[in-house]
Amino acid sequence: MGNQPLTIAVATDQSYYESGSTITGRVYLSVKDPKGIDAKSLNLLIEGEERTKIHRTSGTGENRRNHYHRSNCAILKLDTPLANFGNGYIKPGQYEFPFISTLPSNIPPTMRENDFESHCEVRYSIGAHLVQPGGAGGLFSSITKSWLRASPKELNIIGKPQPAGVIAGGIKLPPETESINYCCCFNRGTMTLESELERAILSPGDAANVFLRCRNDSTTPAFGVQAHLRETITWRASGHQETKSRLIGQQFLSADSCPELSPLMRLPQKYFGDASYNPLGDSLNRSQRRNLSFFVSRDARDTHQGSLITIDHVLTVTIKTKCCMTNPESSIQVSIQRPPSLTDSAATTAATVEAPVFPSAPPFQSEETNDIPMAEATVLPPDWSALTADLVTIPMAEPTWGATAPPPGAVGSNPYNGATAPLPSLAQPIATKIPY
């Protein structure tokens, strides 16, 4: 564990956690200095934040300049002692400090996205550090003596799952009749579209069912009806904004399967471009209810409304017509959320549950010099034989912004400072070594 006067490492029992779940792990401390180390306490740090960077350019040719705008917003921060050293001193030796803590239930999941030199991410980390007289610091701030803290370990968080056994209701949009114009000016009649999404909350990998009725009261032929689900990520930094979107599900129903989309031979003589004119009466209600079904991409991100990052999902149903003609459409904002908890019926499902798909974009690396590299693993030396402290249960407060995000760029007060927990004391020598 290195040749420093002491080394600190943190290990968790799982590689990923759900929002609202329990984190268990250990902090390993090895004091090698024969004189011991001055320390008031050993603190555990759990932090999360939104981070954004937006790249802009100005000028051309030799005068071209790059501009980088950055912002960050704390989601949660916990810096609390695992052990207090009453005499301000810890003896040489090897120590283990087991801990347990519960994550807030409404924190957003880990995510990363990049668009060339612009980036955004939600990241979490866990680490530990020794507090000496006059010392302070966190995982995202510099600490004078680097050997007093452990390299932070990345926490992969997946979003809060849907409650088991609860099925979200659907969303139904009433019929909308839209004028069909050629080149925005020449009216060709109207088309009517009614759509309904079976469930307002979808999960990655789920089948999405869209039900619709349509009618063509125009002389324009329709190619069919298309449904697509689009994910849009918007991030902000220092007054600038970047947006990136992608399709995460789509399906097309050909007009060959929808005789109700057949065009009229000509418009009725009484029709003068009024969209409320209904030459076919209530034929929409009598028309067949069609079904468009598609699968949501397995790497779809959870819907998120944060201070700096917003992830929206919109389902759009469109009647596709030829070039230069109006394409009637209706849109529904939906929510993407994880399926029921991986921890439900863990004893029976552990062998069949697949690990969640995490974003494939590389971690955001800021040019700031106080960024600390994330630790990937903790490997104990073969001669490790440590004194083990009592298990410490750490309370975890809820994020202040909760489910409703503050205005862009706003940062709420931090409820985690000063969190306390029952603390074991290592001020006195421990007589018995407990083998690891």
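Is Asp206 buried, exposed or partly exposed? Asp206 counts as partly exposed, at 23% relative accessibility. The cut-offs are under 20% relative accessible area for buried, over 50% for exposed, and in between for partly exposed (1.4 Å probe, protein chains only).

This is a predicted model: local features need pLDDT of at least 70, side-chain atom pairs count only at pLDDT 80 or more, and totals for chains, interfaces and linings use all residues. Residues are numbered from 1 along each chain as its sequence is written, and side-chain values use heavy atoms, with hydrogens and water left out.

**View 1. Asp206 and Arg199 form a salt bridge.** Their closest N and O atoms are 3.3 Å apart. A salt bridge here is a side-chain nitrogen of Lys or Arg within 4 Å of a carboxyl oxygen of Asp or Glu. Arg199 is buried, with a relative accessible area of 17%. Asp206, at 23%, counts as partly exposed.

**View 2. An open sheet is built from four strands.** The order is β12-β13-β15-β18, and the pairing is antiparallel. At the edges lie β12 (171–182) and β18 (290–295), each of which pairs on one side only. From one strand to the next, the twist averages 25°. Axes are lines fitted to C-alpha atoms, for helices over the stretch in contact, and angles run from 0 to 180 degrees between N-to-C directions. Strands (E, at least two residues) and helices (H or I, at least four) are DSSP runs, numbered from the N terminus. Two strands pair if DSSP finds at least two bridges between them.

**View 3. β12 and β13 make a hairpin.** Three residues separate the two strands. In the turn, Cys183 has a positive phi of about 55°. Nine bridges join β12 to β13 in the antiparallel sense. Asn181 stands opposite Asn187 in β13.

**View 4. β13 meets β15.** Residues 186–197 (β13) and 207–218 (β15) pair antiparallel over nine bridges. Ser195 stands opposite Leu212 in β15. Gly189 faces Ser218 of β15 in the pairing.

**View 5. Glu154 and Arg112 meet in a salt bridge.** The N to O distance is 3.0 Å. Glu154 lies in strand β11 (residues 153–158) and Arg112 in strand β9 (residues 111–115), so the pair ties together parts that are 42 residues apart in sequence. Arg112 counts as buried at 11% relative accessibility. Glu154 counts as partly exposed at 23%. The model has 18 salt bridges by this rule.

**View 6. Arg290 and Glu260 form a salt bridge.** Their closest N and O atoms are 2.9 Å apart. Arg290 lies in strand β18 and Glu260 in the loop between β17 (240–254) and α1 (283–286), so the pair ties together parts that are 30 residues apart in sequence. Both Arg290 and Glu260 are buried. Elsewhere, salt bridges that share partners join Glu113, Glu231, Lys244, Arg246, Asp299 and Arg301 into one network.

**View 7. The largest cavity has a volume of about 40 Å³.** The count is one cavity of 30 Å³ or more. A cavity is a set of points, on a 1 Å grid over the protein atoms alone, where a 1.4 Å probe fits but cannot get out; lining residues have an atom within 4 Å of a point. Grid points are joined across faces, edges and corners, and a volume is the space filled by probe spheres set on the points. The lining consists of Pro108, Pro109, Met111, Arg301, Asp302, His304 and Ile311.

Notes. 1 Å grid on protein atoms, 1.4 Å probe; cavity = no way out; pocket = protein on both sides within 12 Å on 5 of 7 lines; lining within 4 Å.
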